[in-house]
Structure formats: C-alpha cells, structure tokens
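Please work through the packing, pairing and charge contacts of this structure.

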Amino acid sequence: MTFNTRQLHVARAIQLLRPFIKTQRYNSFLQVILQRTKAVKIVLENIQDPLNGSACLRTGDGYGLQYFDLIESVDNFKIHLGDKPYLGAATGVDKWVTLSHYKTAKFCLEDLKKENYVVLGSSLTDRSQLLTEVIKDLRIKQAKSLPTASDPMPLFEVPLPKLALVFGNEHRGISKVFQKYCDYIFKIPMYGFSQSFNINATVAMSLATLEQHSVMRKLGYKSPFLNKLSRDMSISHCSKATSSSNPNSIEPSSLAVEPTSFWPKDYNPNHLNHPLSLTERNELLLKWLFRTTPYSESLWAQNGINLDFL
C-alpha cells in the first residue's frame with residue numbers, strides 16, 4: 001500500500017502528539033472513531049435556538065455520526081456554552097464532530113448529491129411518509145439493483161445508500177428548496193393536539209428508528225476489535241514518553257510510521273455501514289489529539305510537518 005505526502009504527514013503528526021495524552025484518553029479516541037459512520041449525515045437549516053442546535057449535535061454524536069451540515073441563510077448556528085450562546089468556537093461536543101457551513105440550501109444540496117447522499121427532509125406535507133416506509137422503499141430499490149442470486153438476501157439485510165436527514169427552523173421548517181428537491185419527505189407520527197415535536201426530539205426519534213432498522217450498524221452486533229482494545233494496542237506504535245514529556249526530546253527518526261499502524265491490522269468494520277476510511281480515521285484522530293495537546297503547533301514546526309489543511 002502506498003501513501004501520499006498528506007497521509008504521511010498526518011501519521012507523523014499523530015506519532016508526535018501521542019506521548020502527550022494519557023493512554024486511557026487515547027484508547028477512548030480509538031474506540032469512538034472505530035464506531036463512527038458516514039451512513040447518516042444530519043443537516044440543520046437555520047436553527048435559531050442555541051440549546052436546540054447543541055442538543056442535536058450531542059444526539060448525533062451519541063449515535064456515532066461524524067458529519068453535520070449547517071445552513072445559515074437566515075439564522076447563524078450558535079453553540080450553547082452555559083448561559084452564553086456564541087458563534088463558531090469549538091467547545092463541548094462540537095470538538096468531536098465535523099461541521100460544514102453553508103450560506104444557502106442550494107449549495108448544501110449540490111454537495112450532498114455529489115457525495116451520493118439520498119436526501120430526506122423532515123416536514124408535514126402531502127408527500128410525507130413514515131421513516132420506516134422510506135427505509136423499506138429504499139431497500140426494495142437497492143435489492144433490485146443487486147445481482148440475481150439463488151439465495152436472495154433478506155430485505156432487512158439489504159445495504160442502504162448514505163442518507164442525509166434535513167431538519168429545518170423551529171418555526172418555519174425546511175426551506176422550499178428542500179421541500180422541492182429532497183428525494184423523500186418524512187414525518188414522525190403524532191397522535192395528540194401538538195403538530196410538531198421539538199427539533200432535538202425529532203432528531204433523536206429519527207436516529208432511533210434508523211438504528212432499529214440497522215441503517216448505521218448491525219443491530220446488536222459487537223465488534224470483537226472494540227472489545228479487545230488494550231493498552232498494548234495504544235502504545236505499540238509510539239515512544240514511551242508520558243504526558244509530561246518535553247517536546248524537544250522527540251527524535252525525528254522516531255516519527256517514521258505508516259498511516260495503518262494506529263489501527264488493528266486485521267480490523268474489519270463489518271459491523272458498520274459506510275465506515276470512515278483510513279485517511280478519514282487518521283485525520284480525525286489527529287484533530288482530536290491537536291485539540292487536547294498544548295504543544296501541537298510548535299511540535300509540528302520543529303519537525304517540519306505541514307498541516308495547513310487542518
């Protein structure tokens with residue numbers, strides 16, 4: 001396997017920062033990354049309340065989602081920090097997820113289509129279907145595209161394409177662009193006087209439905225690799241420096257490391273649908289190390305590592 005310059009720089013940077021984080025913390029990074037999935041992306045359009053926006057991120061993170069699109073054509077997305085909402089800084093759960101910002105729904109929709117997402121909008125219209133009906137319809141379509149076999153795959157095991165779930169403003173809902181161009185419009189069933197749930201409740205119920213239908217991962221499956229993550233795995237590729245190490249004590253020659261060395265050699269993410277690639281896993285691991293290591297930029301500069309893309 002060959003690697004490009006960017007991949008090698010990322011691997012060297014991980015190797016450099018690893019000694020400055022405790023093993024338990026590092027292992028938690030590995031465990032979480034190995035459970036991250038691209039099977040579902042959350043799109044939040046003009047969310048007004050910082051509490052709602054932050055809660056949606058926490059819910060998505062809890063279900064193992066990594067990527068979120070934020071559309072800010074009317075309202076800027078605000079992160080909630082204690083009693084003070086603020087813009088843009090990375091604290092709380094937004095340190096661990098990847099946020100993409102868009103000024104219009106059109107630009108976001110174009111990128112979703114380029115990335116081969118099936119776009120599902122949350123709204124109450126004449127087109128609205130239950131999410132379970134959408135999943136069934138997609139699986140029937142996918143099954144028809146599979147090669148004919150003597151022993152057909154059960155419908156509930158048919159893999160789905162990547163899904164983007166769009167949730168709109170607390171009062172206006174999703175925009176006309178998404179109303180018109182979403183592949184599906186879905187709804188959460190309601191049986192009382194209220195006509196809508198809180199947006200985070202809607203996100204949570206939607207993701208719970210997808211989880212129950214094995215959209216993101218095999219239901220009830222436990223990866224043996226995740227259960228066997230150990231201290232040996234976390235330190236096998238790095239120096240024995242501790243979290244109090246002197247950044248000047250790292251020898252450049254000790255940074256010769258392959259991008260694959262941070263993960264189990266026989267790791268097979270067959271419990272996940274649309275898992276992160278090796279490059280995505282490494283860049284995510286590096287970003288998390290960067291955000292928890294005080295010497296990051298000076299260490300990279302001293303060792304000639306260029307990571308302007310972070």
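The questions below go from cores to strands, cysteines and salt bridges.

This is a predicted model, where local features need pLDDT of at least 70, side-chain atom pairs count only at pLDDT 80 or more, and totals for chains, interfaces and linings use all residues. Residues are numbered from 1 along each chain as its sequence is written, and side-chain values use heavy atoms, with hydrogens and water left out.

Q: How many residues does the largest nonpolar core have?
A: A nonpolar core is a set of buried Ala, Val, Leu, Ile, Met, Phe, Trp, Tyr and Cys residues joined through side-chain atoms within 4.5 Å. Buried means under 20% relative accessible area, exposed over 50%, partly exposed in between (1.4 Å probe, protein chains only). Those with the most contacts inside the largest core are Val40, Ile42, Leu44, Leu120, Leu165 and Leu210. Its size is 32 residues.

Q: Which helices give two or more residues to this core?
A: Helices (H or I, at least four residues) and strands (E, at least two) are DSSP runs, numbered from the N terminus. Strands E1 (40-45), E2 (67-71), E6 (117-122), E8 (162-167) and E9 (184-187) contribute two or more residues. The helices that do so are H3 (50-62), H5 (131-145) and H7 (199-212).

Q: Which tryptophans does the second core include?
A: This core of 28 residues is separate and includes Ile305. Its tryptophans include Trp263, Trp288 and Trp300.

Q: Which residue stands opposite Gly121 in E9?
A: Two strands pair if DSSP finds at least two bridges between them. E6 and E9 run parallel, joined by 3 bridges. E9 also pairs in the parallel sense with strand E7 (residues 129-130) over 2 bridges. Opposite Gly121 stands Ile185.

Q: How many disulfides does the count come to?
A: A disulfide is a pair of cysteine sulfur atoms within 2.5 Å. Cys108 is buried, at 0% relative accessibility. Its sulfur is too far for a bond, because the closest cysteine sulfur, in Cys182, is 9.7 Å away. The count comes to 0.

Q: Which residue is linked with Lys41 and Asp69 in a network of salt bridges?
A: The whole structure holds 9 salt bridges. One network links Lys41 and Asp69 with Glu115.

Q: Is Lys113 buried or partly exposed?
A: Lys113 meets Asp183 in a salt bridge, 2.7 Å from N to O. The pair links helix H4 (residues 105-114) to the loop between helix H6 (176-181) and E9, 70 residues apart. Asp183 is partly exposed, at 34%. At 36% relative accessibility, Lys113 counts as partly exposed.

Q: Are Glu211 and Arg217 buried or exposed?
A: Their side chains meet in a salt bridge, at 2.9 Å from N to O. Both Glu211 and Arg217 are buried.

How values were computed
Salt bridge = Lys/Arg side-chain N within 4 Å of Asp/Glu carboxyl O.
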